[in-house]
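Please keep the sequence and the structure in view while reading.

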Amino acid sequence: MTLAHDCSDKIEFTVDYLVIVRGAYCMICELEDDCCIRVGSLGKTKFRRGVYVYVGSAQRGIEQRVGRHRSDKKKRKWHIDYFLDEAEVKAVIAVPSEDKETECRLSKSVHAIAGASTPLSGFGSSDCGCDSHLVYFGDEDLESVSETVVYHLSMLGGMYPEKMTDARKSGRKRR
Ligand SMILES: [Zn+2]
């Protein structure tokens, strides 16, 4: 595996490494405009434009799961699938872990960051005791939210958050 430890945005994982990494992840998403989204069984909700952080987990590999979230062809399964019809994933922070509780610890930690709020109770937390796994950061800068999340997570004992680079995207121009 290749894992460059560097605090810049240039951190890169090889795809081979990410496929097998299990654990939790934070997706930093941007919603460009206020909009109404029907979030599965939670119903229609108005979301304000801005930056959102979604905390999830993938026991079969973070890269595979995030790739699925980013795909336009998927069937909607989770609340985040509906949300991503409108919002775009801008950055992903992976937290390798074998512990299923990690996802909820991360979510609670992200909720505790100054400026964070809960946009919709029950989002992503049908199977746990959390209020929500989606956190709203208003009009804050994407990059600074991303840095703040990495910082806060690294303060938790035993957590080693790493910013992921999308290997499929890095080699080609964006649309
Ligand atoms: Zn939870």
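**Basis and confidence**

The model is predicted: local features need pLDDT of at least 70, side-chain atom pairs count only at pLDDT 80 or more, and totals for chains, interfaces and linings use all residues. Residues are numbered from 1 along each chain as its sequence is written.

The pLDDT is the predictor's confidence in each residue, from 0 to 100. Its average over the chain is 85, and 82% of the residues score at least 70. Among the elements of the chain, β6 has the highest mean pLDDT (98), while helix α6 (residues 167-170) has the lowest (48). Two stretches stay under 50, as the table shows.

| Residues with pLDDT under 50 | Contacts beyond four places in sequence |
|---|---|
| residues 1-8 | 12 contacts |
| residues 168-175 | 1 contact |

A contact here means that the C-beta atoms of two residues, placed from the backbone, lie within 7 Å. Where pLDDT is low, the predicted coordinates should not be read in detail.

**Overall composition**

The chain contains 6 helices and 7 strands. These elements are DSSP runs numbered from the N terminus: helices are H or I with at least four residues, and strands are E with at least two. Their order from the N terminus is α-β-β-β-β-α-α-β-α-β-α-β-α. Of the contacts between residues at least 6 apart in sequence, 69% join residues at least 24 apart.

A residue is called buried if 20 or more other C-beta atoms, placed from the backbone, lie within 10 Å of its own, exposed if 12 or fewer do, and partly exposed in between. Of the 175 residues of the chain, 35% count as buried.

**The sheet**

Five strands form an open sheet in the order β6-β4-β1-β5-β7, with antiparallel pairing. Because β6 (134-136) and β7 (162-164) each have a single partner strand, they stand at the edges, and one side of each is left without a neighbour in the sheet. Neighbouring strands are turned by 25 degrees against each other on average, direction ignored. For such angles, axes are lines fitted to C-alpha atoms, for helices over the stretch in contact, and angles run from 0 to 180 degrees between N-to-C directions.

Two strands pair if DSSP finds at least two bridges between them. Strand β1 (residues 23-31) and strand β4 (residues 50-58) run antiparallel and are joined by 9 bridges. In this pairing, Cys29 has Tyr52 of β4 as its bridge partner. Helix α2 (residues 62-70) lies across β1, β4 and β5 (88-96), at about 25 degrees to β1.

**The hairpin**

Strand β2 (residues 35-38) pairs with strand β3 (residues 44-47) in the antiparallel sense over 4 bridges. Ile37 has Thr45 of β3 as its bridge partner, and Cys35 stands opposite Phe47. The two strands form a hairpin with 5 residues between them, and Gly40 in the turn has a positive phi of about 45 degrees.

**The core**

In soluble globular proteins, nonpolar side chains tend to be buried together. A nonpolar core is a set of buried Ala, Val, Leu, Ile, Met, Phe, Trp, Tyr and Cys residues joined through C-beta atoms within 7 Å. The largest nonpolar core has 39 residues, and Tyr25, Cys26, Tyr52, Val53 and Ile93 have the most contacts inside it. Strand β1 gives the most to this core, with 7 residues.

Leaving aside neighbours within four places in sequence, Val53 is in contact with residues including Cys26, Ile28, Val110 and Val135. Val110 is one of the buried residues of α4, among them also Thr102, Glu103 and Leu106. What covers the buried residues of α4 includes β1, β4, β5, β6 and α5.

**Two loop residues**

Which residue is buried and which is exposed, Val39 or Asp85? Val39, in the loop between β2 and β3, counts as buried because 22 C-beta neighbours lie inside 10 Å. Not counting residues up to four places away in sequence, Val39 touches Thr45, His79, Tyr82, Phe83, Leu120 and Phe123. The C-alpha atoms of Val39 and Phe123 are 8.2 Å apart, although these residues are 84 apart in sequence.

Asp85, in the loop between α3 and β5, is exposed because 12 other C-beta atoms lie within 10 Å. Its C-alpha atom is separated by 10.0 Å from that of Ser71, 14 residues away along the chain.
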